[in-house]
Amino acid sequence: MAGLRKRTPIKDQQAESALFLRRALLSLALILLVFGVLLGRFFELMVLRHDEYAARSERNRVKLQPLPPARGLILDRHGEILADNRLAYRLEVVPERTADLAATLDELAQVIAFDADERSRFLELVAARRRFQSLPLKLRLSEAEVARFALERYRFPGVDVVPYLTRHYPQGELFAHVVGYVGRIDPADLGGLDARRYAGTTHVGKTGIERTYEDALHGEVGYEKVETNAEGRVLRVLERTPPRAGEAVYLAIDAGLQRATAAAMAGQTGAAVAIDPASGEILAFVSLPSYDANLFVSGISRRDYQALLEAPGRPLFNRALQGGYEPGSTLKPFMALAGLELGVRSVDYTIVSTGEFRIPGQDIGFRDWRRGGHGRVDLVESLAQSVNSYYYQLALDLGIDRMHGYLSRFGFGAPTGVDLAGEAAGILPSREWKRARFNQPWYPGETVIAGIGQGYNVATLLQLASATAAIAAGGRRFRPRLAHALRASFDVPPRPLPPELLDPRLVRDPAHLALVQRGLVAVMHSPTGTARAVAAGAAYRIAGKTGTAQRVSRRRDTDAPQTLREGQRNQALFIGYAPAEAPTIAIAVVVEQGGSGSQAAAPVARRILDAWLGAGESGEGSADEGGRQEDRSGTGDRGLGRIDSALRQPETIEGPGEMSGAAEHPANAPQPPVPSPAPAPTELPAPGPAPPMQTQAPRERMP
Amino acid sequence: MTLESRLRWWLQRALQTFAPTAVDLPLLLALLALSGLSLAVVWSAGGQDPDMVWKQAARFGLGFVLLAVCMRIPPGTWRRWTPWFYALCLLLLLAVLLLGEGKGAQRWLNLGFLRFQPSELCKLGLPMMLAWHFHERVLPPSPSALFTALVLIALPAALIVVQPDLGTAVLVVGSGLFVIFLAGLSWWWIAGIGALAGASLPVLWQFMHDYQKQRVYQFLAPDSDPLGSGWQTIQSKIAVGSGGWSGKGWTHGTQSQLEFLPERHTDFVLAVYSEEFGWIGVALLMLVYAFVVGRALWIAANARDGYSRLLGGAIAMTFFVYVFVNSAMITGLMPVKGVPLPLISYGGTSAVSLLVAFGILMSIHAHRRA
C-alpha cells in the first residue's frame, strides 16, 4: 500500500466514526424493520390465524377415544344364558415404545408362551397400523400368565396386560348351530360395517344368531374425550359419553328341550327341529355332531380349524339349516291335502293297491313297499300304511304343476326365511325348474315318484318342521323364527317380536285338514300305522309320519354308498306334532345312516315329545285303539318278507330317458344287485302288536 | 523479595486494569430480565424440572461473573489478545474435527469438566479478529484489506462447515461480514459480493448433506411430510398460533406440556413462550431484544477507537441475527436450524459466550469517548 508510511496520519478517526455511525444507524433501521416483520409474522399466526391453530392444537391434544359397547346377551326363552361376556386379559404391545421389537418378542416368549401363528399375526398388525398404537399379541391370558407377567413387567417397556370383555358360550356345543359365534372383524367384514359405530369393536357376529341379530346385539358405541400427549398416551379424561350395551336376545328355544333333543339323538348324526305351531317359534334346533363355538372367538388356530373340517360327520355343517334331504313319505300328508283341496280327491275316495302301479299306456312299474299291495285303502289308511299307489295316482291326477303350486304354499322349495343366514332352499320340482336346471322336458314318470316325495324333491328339516306346524295349527303357517324377544336393558321388560303369519288359510275346508290329521294320528296309533310301536305308552296322542330316504348331498360323503350296509345309507325322517288334539309342538327329525324312519327317527321324536309334554306311562288309550285298529284293518302282513330287489329287477324300468340320472336320484333307481346307488327302504310298517321291529323290517321301494 | 516485588507489581497492574468502571445499567437490566425470563420459560418448557432451572441458573451465574470480569478488561487489552484468541479458536475447531463428539456431526469438545462448542467461540473470536484487522487500517477498507478479511472469515467457516454445521457457519460468516459492513465497505463491493453469493448458491447445494437438503425441502413444503421432517415446523406453528393475544398461561401450553413440540426447552423455546404468553408477551420480548440491540449499537457508536466500534457493532448485529433466525424458524419463515434463542434457550455455551460478549461491550462502554 502506498500510504504505508503515513498510515496513521491518514486514518481519520472523525470520518471513520461518522462512517460507522451512518452504517450503524442504517443497520438499526433495518433491524427495527425486521423486528417489525417478525412481529407481523407473529401477529399473523397468533391473531389472524389463531382460530385455525387453536383448533389444530385442540385436535392435537384431544382425541376421541371410542368405548366399545358390551355385546348383548343371548338367552333361551326362560333366561338361561347361551352367550355372555367374560372378563379376560390380553397382552398388548406398543411397537414404538419397545427398543427392539424382535428382541422384545423373543424375551417375552419366555414369560408368556405364544406360538408362531400369534407372532406372525401380530407382525402383520404391526405392519398395518401406526407404530404408537397398542396392538394385541395374545388374547385370553391365563391367570398364571397374568401373574407371571406382572412380576417381569419392568423388563418390558411398551408391553402391557389389558383387560377386555370376550364372548363366551357357556353351553359349549349344544347351541353352536343356533347361536353361532363372533370372530375378529376381518377386511371382508369392514365393507358392511359402519366404521363409526364399530370404532373400537374387535369382534362381529359371524354365524347364527350372533350374525342375524348383530345390529341389536352390538349396541351403541360410546366416546371418551381424552387428552393425550404426543406419544398418544392418555393423560386424563375430559368428557365421556358412555356406550350403550347391546340388546339381549331371548331365543324361543327352550334350553331344556334343546338338551333333551340332543340327548334323544343319542350321538347319532342328524338334526331335529321343534316348532311351536301357534307362532312359528323354534323350540329346539339341533344339528349333530356339533362343535364348541368358543374356539372361534379368539381366532381358531389353523390346525384346529383343519381338524374340525375333517372331523367325521362334518360338525361345522348345519344339518338343520343347510342339509337337503329327500322328504320321501313325509311329503304324503301334504300331497293328501293337495288332493282334497284341489278337488281331485274326495273324503271317501278309495283305491285298490295291488303292489304295482303303472301309468296308463306305459310299461313302467312303480311299486308299493308291500308285495301284493295294501288292498283297498282310503286316505287315512293311505297315510297310516304309507301306501305309495295312492299317491302315485294322486300325483298323476294332480299333475306336477298343481302339485308344485300347492306344496309351495307350505314352504317347500324356498327358504323359510328363518332368522339364520345360509339357509338352503331345497327343491320342489316343476316343469320350469327342470327346464331351467337341465333344459329337459318334464316326464309323467317323474310326476309319479314326485308324488311320494322322491325324484328331484329335496327338503330341509326346517321346511318339514314348518309345514308340519302348519298342519298342526289348522292351516296357519308362520315364519319359523329363533328369536323370541329383544330386551334393551334389564330395567325394561323384554320386547317380544310378533309372530309373522305367512299364510292364514292353507286349507279351505276344515274337514280336509281333519281327515289328514286323522291319517297322521293313525300312523302312530292305529294297528296298521307304520310307527305305531313308537307311540305305544305315550301319555298323549301323537300325529306323525315317517319317511326313509337317501341323503341328497351324497357327494360330500367320504364313504361311497356301495361300501355301506343298506341301512346305513338311509336317512331316517320323521315329522309330527303333539298332542294331536291341541298341538303345542311340531317336530321334524332326521337321523343320517339311521335305517328307516320308524326305526331310527320316530323313537328320537318320541323322546323329544316326552321331554316337552311329560313322559307318562299311561298309554292305555292309544294301546286300546291300536288293538282295535289292528282288528279293523286286519293286517295279515306279519309274515311279509323282504322284497328281494334282485328278483324284481326285470320288472324294473329305468323309465324314460331322463331317468338316466338315476344315480342322482337313487329313489328312481331299480333295485339291481350290483348297481351302485342302491335304493333304500323308505318305510317300515309296525306289523302286529309291539313287534320286534328289527326282524320285521320289510323294504318298501318301488322297483 | 523478588517474588514479593513481582506480586506487588502484578497487583498494581491489576488494580490499574480492573479499575472500577461505570456499568451500563439499562443494558445490564435488560440482560438480567432476559435471564430471569429464561429461567421461567425453562421451568415451564422443561416439564417443571427444578434440576434444569438450577443448572440454567448456574450457567447464568457463571456468565454474569465472566461478564463482570470481562468488563474490567480494557478494550486495548482485548485488542492485544485478539490474534491469540483467534488462533485458539482455529485450534479448537481443528481439535473438534480430530476428537470431537456429537450425534451425526462433530460439534462438541469434551474437556472433562465441561463440554462446549468451539464454533460458539468463533462467533466472538472472528469479529474480534476482523476488528483487530481493520483497527489500524484506513477505512473504508482497501481491496487488499478486504481480501485479508475474507480469508480470516473463510478459515473458521470452512472448519465449521466440515463438522458439518452449516447453520453456525452461516452465522459465523455473518458476524464477520457485519464487521466488514460496519467498517464502511463501499456499496459497490457489497453489491458485487451479494451477486457472487447468489450465483454460488447452486454450487453450494451440490455440497450440502442430505439432511441439510431435507431441511430446505421441508421448509419449502412443510406439510409434505407432517410426521417426518415437517413435524417440528408444523407443531411449532401450531404452538405459536394457538397462543392468541394473551397466551394459554405460564405452564399451561398444551403443545409443550403434552410434548408435541420438539426441542421445546432449547431451540423451540420461543414457541413455548409464544404459546403461553401470547402475542403481547412476544411483543414485549421483542421490545427487550430490540432495546438490547439498539443499546449495543449506541455503545459501539460511542466507542473510543475503531477496534471497539467494530467489535461492539458486530456483537450487536450477531445478537440480532440470533434472534431473527430463531424467530423466523419458530414461525416457519426459515428452515429449521440449530440456532438457540439468545439468553432464553436452555444451554450453556451460547449463554456464557453471549454474556462474555456483553462483558466486552460493557468494557467498551466503560472506555467510551469522554
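Contact here means heavy atoms within 4.5 Å. Keep that in mind as you start with chain B: residues 24 or more positions apart account for 73% of its contacts with a separation of 6 or more.

A word on what you have open: this is a predicted model, in which local features need pLDDT of at least 70 and side-chain atom pairs count only at pLDDT 80 or more, while totals for chains, interfaces and linings use all residues. Residues are numbered from 1 along each chain as its sequence is written, chains are lettered from A and ligands numbered from 1 in the order in which they are written, and side-chain values use heavy atoms, with hydrogens and water left out.

**Stop 1: chain B.** Colour chain B by secondary structure and you will find 14 helices and two strands (DSSP runs, H or I of at least four residues for helices and E of at least two for strands, numbered from the N terminus). Of its 370 residues, 54% are buried (under 20% relative accessible area; exposed is over 50%, partly exposed in between, with a 1.4 Å probe and protein chains only).

**Stop 2: where the chains meet.** Now show both chains. The contact takes 62 residues from chain B and 40 residues from chain A. Together they bury about 4500 Å², and carbon and sulfur atoms give 72% of that (buried area is the accessible area, 1.4 Å probe, that two parts lose on being put together, summed over both). Select B:Leu258, B:Trp279 and B:Arg309: these supply 14% of the area that chain B buries against chain A, more than any other three residues.

Stay with B:Arg309, which forms a salt bridge with A:Glu16, the closest N and O atoms being 4.0 Å apart (a side-chain nitrogen of Lys or Arg within 4 Å of a carboxyl oxygen of Asp or Glu). The count between the two chains is one salt bridge.

**Stop 3: B:Gly184.** Which residues does B:Gly184 touch, leaving aside those up to four places away in sequence? Select A:Leu19, A:Arg23, B:Pro140 and B:Pro141 to see them. B:Gly184 sits in the loop between helix 7 (166-182) and helix 8 (187-206) of chain B, and is buried because its relative accessible area is 3%. Its C-alpha atom is 4.7 Å from that of B:Pro140, 44 residues apart along the chain.

**Stop 4: the core.** Move on to the largest nonpolar core, with 136 residues (buried Ala, Val, Leu, Ile, Met, Phe, Trp, Tyr and Cys residues joined through side-chain atoms within 4.5 Å). A:Leu251, A:Phe285, A:Phe410, A:Phe412 and A:Val589 touch the most other members. Helix 17 (residues 388-409) of chain A gives the largest share, ten residues. Zoom in on A:Phe410 and you will find A:Phe334, A:Leu337 and A:Ile471 among the residues in contact with it.

**Stop 5: charged pairs in chain A.** Select A:Glu210 and A:Arg167, whose side chains meet in a salt bridge (2.7 Å, N to O). This pair joins helix 9 (residues 208-212) to strand 5 (residues 159-168), 43 residues apart. A:Glu210 is buried, at 0% relative accessible area, and A:Arg167 is buried too, at 3%.

Finish with A:Asp503 and A:Arg409, another salt bridge (3.5 Å, N to O). It links strand 20 (residues 501-503) to helix 17, 94 residues apart. Here A:Asp503 is buried, at 14%, whereas A:Arg409 is partly exposed, at 33%.
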